[in-house]
Amino acid sequence: DAKPLHAWEIEASDLEQFESLFNAADLCALRRRVLQDVRIQLMPYLQRQLASGGVFSRYSSQFIGQLVKDMDLRLFEPGQVIFKEKSLGRSIGILVSGCVDIIANGRKVMSKSDSGQEIGEAALFESAYRRHATTRCSQSCETLMFLASRDAFYACLAKFPEEKIKLSVQVRHRISMTVLKEPFHMCDPAFLHLVCTECEVVHL
C-alpha cells in the first residue's frame, strides 16, 4: 500500500532566507533531492492514474509499473516552455499539479490543469513526430509533471513482448482516427471510436 503523502510549506520569507544562506548550486541540489523524494511518493498514485484511463490503460499493471519507474518528475517555472511547436517529439507529459497553456501558431487554444492529463502522447506512436503546438507552463503557477520518453516506452515494450500487440492496435486506431475524423466530424464521438476500432489499415 502507498504511504500517505506528507507536504511541507515554505513561506516566502523562509525562502528568501534559504537563498541568502545557500548558493545557487546548493539550492539546485536541494531542489533535485526534494523532487527525487516526491517522485518516489507519487509513483503508486501515478501507476493507478495510468491504469484507470488514457493512453496506457490497455496495458498490463506489470508493464505500467515498469514504465513508471523509468519516468522523470520535473518542476517547471511559470512561463517555461515544456514542449516546443514543430520540435521533434520525444516524450509524453503526465500532469501532476499546476497548469499548462497549449499554444498553436502564436495563439493560446486551451489550458490543461487536471491531474493525470496526458500531453503530447502522439510522440510515443509516431516516428519523427513534430509537435503541432507549444506546451508552456502557465504564468500563474509552477507545474509538476511526469515525463515518459519514447525510448523508455519502447525499452519497456522489449521487456514485455506480449504488450506489442496492444501497441499495434493502438497505432492502427490512431491512424484511423486521424483519417476519419474530418469526414465523420458530424457523428457522435462514440460512433467514430467504434468505426475506428473496426477499421483495418492497409499499406499500399
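Tutor: Aspartate 101 is buried, with a relative accessible area of 7%. The model in which this residue sits is a predicted one. Although aspartate 101 is buried, its side chain has a charged partner: it forms a salt bridge with lysine 108, and the closest N and O atoms are 3.9 Å apart. Side chains of opposite charge can pair when their charged atoms come close. The cut-off applied here is 4 Å between the nitrogen and a carboxyl oxygen, and the pair at 3.9 Å is therefore counted.

The surroundings of aspartate 101 can be followed through threonine 135. Threonine 135 belongs to strand S7, which covers residues 134-137. Beyond its neighbours within four places in sequence, threonine 135 is in contact with Asp101, and also with Gln80, Val81, Ile82, Phe83, Val100, Ile102 and Ile119. Threonine 135 has a relative accessibility of 4% and so counts as buried, as does aspartate 101 at 7%.

One of the residues touched by threonine 135 is Ile82, and Ile82 is also in contact with phenylalanine 76. Phenylalanine 76 lies in strand S1, residues 72-76. Its relative accessibility is 2%, which means that phenylalanine 76 is classed as buried. Apart from neighbours within four places in sequence, its contacts include Cys137, Glu142, Thr143, Met145 and Leu147 as well as Ile82. Phenylalanine 76 can also be placed relative to glycine 98: 22 residues separate the two in sequence, and their C-alpha atoms are 9.2 Å apart in space.

A search of the whole structure finds 3 salt bridges. One of them joins the side chains of glutamate 163 and lysine 166, with an N to O distance of 3.3 Å. Glutamate 163 has a relative accessibility of 2% and therefore counts as buried, whereas lysine 166, at 28%, counts as partly exposed. Another salt bridge joins aspartate 37 and arginine 33, at 3.4 Å from N to O. Both of these residues lie in helix H2, 4 residues apart, which is about one turn of the helix. An α-helix has 3.6 residues a turn, so residues three or four places apart point the same way. Aspartate 37 is partly exposed, with a relative accessibility of 37%, whereas aspartate 101 is buried at 7%.

Helix H2 (24-52) and helix H5 (150-159) are the elements against which the buried residues of H3 pack. Those buried residues are Phe63, Ile64, Gly65, Gln66, Leu67 and Val68. Glutamine 66 lies in helix H3, residues 61-69. The threshold for a buried residue is under 20% relative accessible area, so glutamine 66, at 19%, counts as buried. Setting aside residues up to four places away in sequence, glutamine 66 touches Cys156, Lys159 and Phe160.

From H3, Phe63, Gln66 and Leu67 meet Ala152, Phe153, Cys156, Leu157 and Lys159 in H5. The residues of this contact divide into 6 nonpolar, 1 polar and 1 charged. The two helices pack at an angle of about 140°, and their axes are 10 Å apart. H3 and H5 are therefore oblique to each other, and H3 passes H5 in a right-handed crossing.

Glutamate 121 lies in the loop between strand S6 (118-119) and helix H4 (122-125). Its relative accessibility is 25%, so glutamate 121 counts as partly exposed. Glutamate 121 and arginine 150 are 29 residues apart in sequence, with a C-alpha to C-alpha distance of 9.6 Å.

Finally, the protein as a whole provides the wider setting. The protein contains 7 helices and 8 strands. It has 204 residues, of which 34% count as buried; aspartate 101 is one of the buried residues. Among contacts between residues at least 6 apart in sequence, 74% join residues at least 24 apart.

Methods:
Residues numbered from 1 in each chain as written. Predicted model: local features only at pLDDT ≥ 70, side-chain atom pairs only at ≥ 80, totals over all residues. Heavy atoms only, no water. Buried < 20%, exposed > 50% of the residue type's maximum accessible area, 1.4 Å probe, protein only. Contact = heavy atoms within 4.5 Å. Axes fitted to C-alpha atoms, helices over the stretch in contact; angles between N-to-C directions. Parallel < 35°, antiparallel > 145°, perpendicular 65-115°, else oblique. Left-handed = near helix turned anticlockwise from the far one by under 90°. Nonpolar A, V, L, I, M, F, W, Y, C, P; charged D, E, K, R; others polar.
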